[in-house]
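Please look through the following structure with this briefing beside it.

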Amino acid sequence: MTPPAPLELTVLGAGPAYTNRVGATGASYLVESGGTAVLLDLGQGSFPRLATAIEPSRLDAVVISHLHPDHFIDLVPLRHYLAYQFSPPRRLRVLGPSGLADRIDALHARPGFTAEALDCEQLRGTDQRIGTLTLEARLVAHTEESYAVRLGGPTGPGLVYSGDCGVADDLAPLIRADDTLLVEVSFGAGPVPPGALHLNAASIADLVRTTRPGRVLLTHLQMGFDPAAAIRVVAEASDAPVTLVEPGDVITIDRT
Ligand SMILES: [Zn+2]
Ligand SMILES: [Zn+2]
């Protein structure tokens, strides 16, 4: 049997909802493997980086973790690109929470606006095939319908992406040995304020102690938090490499 092709993760945007870090655009991660291309989230300002990394209509699917603008709002330029750049317009499959198309339609006060280029399906808890990859999705504590996902196959390491997540243990069922964990660390080395459904470095440290991913990629650090301190807290809990990702980073995940 031929071994599964590696996953190549390209970070297009790794910012939170707002920031003073120039270029820290909204969450967006391109995953390519053996001819399959999947986009995880498309937050504010990240469409140009997507269009630089890949011709967007070549994507097999876009996966949206939840309906906060820093994770989905650049579906608007993606929809325009598909509808106006090509004749006839091209279409893309979008998997996300229920109500995604209605939310984008409402921005333009035009029912059917989204469906002119995007085929939206509800992301379900069951495994879904996208090209050569399998997508697993699990509900996590954040909005009413927020998902974390794992991209991979039946064997070998994969990529687990937290989306935004308020309870680190919600991610544990997705993580298999040697997976790469791409996880939000909104509150860095600081405490999580009461009621804020996001993670900090200490909660990720507890998670990696029990789940033992092969690599930890931190992201979505909020304005004013120290990247080095966040990395240090997680690294103390794990033998695996821990980094904070930036746009332009390319990470290869070997699946053999
Ligand atoms: Zn967010
Ligand atoms: Zn959010």
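Contact, as the word is used here, means heavy atoms within 4.5 Å. Helices (H or I, at least four residues) and strands (E, at least two) are DSSP runs, numbered from the N terminus. This is a predicted model, in which local features need pLDDT of at least 70 and side-chain atom pairs count only at pLDDT 80 or more, while totals for chains, interfaces and linings use all residues. Residues are numbered from 1 along each chain as its sequence is written, chains are lettered from A and ligands numbered from 1 in the order in which they are written, and side-chain values use heavy atoms, with hydrogens and water left out.

**Helix α5**
- The buried residues of helix α5 (residues 201–211) are covered by elements that include β11 (180–184), β12 (215–219) and α6 (227–235).
- Those buried residues are Ala 201, Ser 203, Ile 204, Ala 205, Leu 207, Val 208 and Thr 211, where buried means under 20% relative accessible area, exposed over 50% and partly exposed in between (1.4 Å probe, protein chains only).
- After α5 comes Arg 212, which has a positive phi near 50°.

**The open sheet**
- An open sheet is formed by 7 strands in the order β6-β5-β4-β3-β2-β1-β14, with mixed pairing; two strands pair if DSSP finds at least two bridges between them.
- The edges are taken by β6 (118–122) and β14, each of which has a single partner strand, so one side of each is left without a neighbour in the sheet.
- On average, and with direction ignored, neighbouring strands of this sheet are turned by 25° against each other; axes are lines fitted to C-alpha atoms, for helices over the stretch in contact, and angles run from 0 to 180 degrees between N-to-C directions.
- Helix α3 (residues 75–84) packs on the sheet, where it touches β4, β5 (92–96) and β6, and its direction makes about 135° with that of β6.

**Strand β3 and its partners**
- β2 and β3 run antiparallel and are joined by 5 bridges, with Ser 33 standing opposite Thr 36 in β3.
- These two strands form a hairpin with 2 residues between them, and Gly 34 in the turn has a positive phi of about 50°.
- β3 and β4 pair in the parallel sense over 3 bridges, and Leu 39 stands opposite Val 62 in β4.

**Nonpolar cores**
- The largest nonpolar core has 27 residues, and those with the most contacts inside it are Tyr 29, Leu 40, Val 63, Leu 123, Val 149, Leu 159 and Val 245; such a core is a set of buried Ala, Val, Leu, Ile, Met, Phe, Trp, Tyr and Cys residues joined through side-chain atoms within 4.5 Å.
- A second, separate core of 26 residues includes Leu 67, Leu 75, Val 94 and Leu 100.

**The zinc site**
- The protein donors of the zinc ion (ligand 2) are His 66 (NE2), His 68 (ND1), His 142 (NE2) and Asp 164 (OD), which lie 2.2 to 2.3 Å from it; donors are N, O and S atoms within 2.8 Å of the metal (3.2 Å for Na, K and Ca), and water is not among the atoms, so sites may look incomplete.
- Asp 164 bridges the zinc ion (ligand 2) and the zinc ion (ligand 1), which lie 3.6 Å apart.
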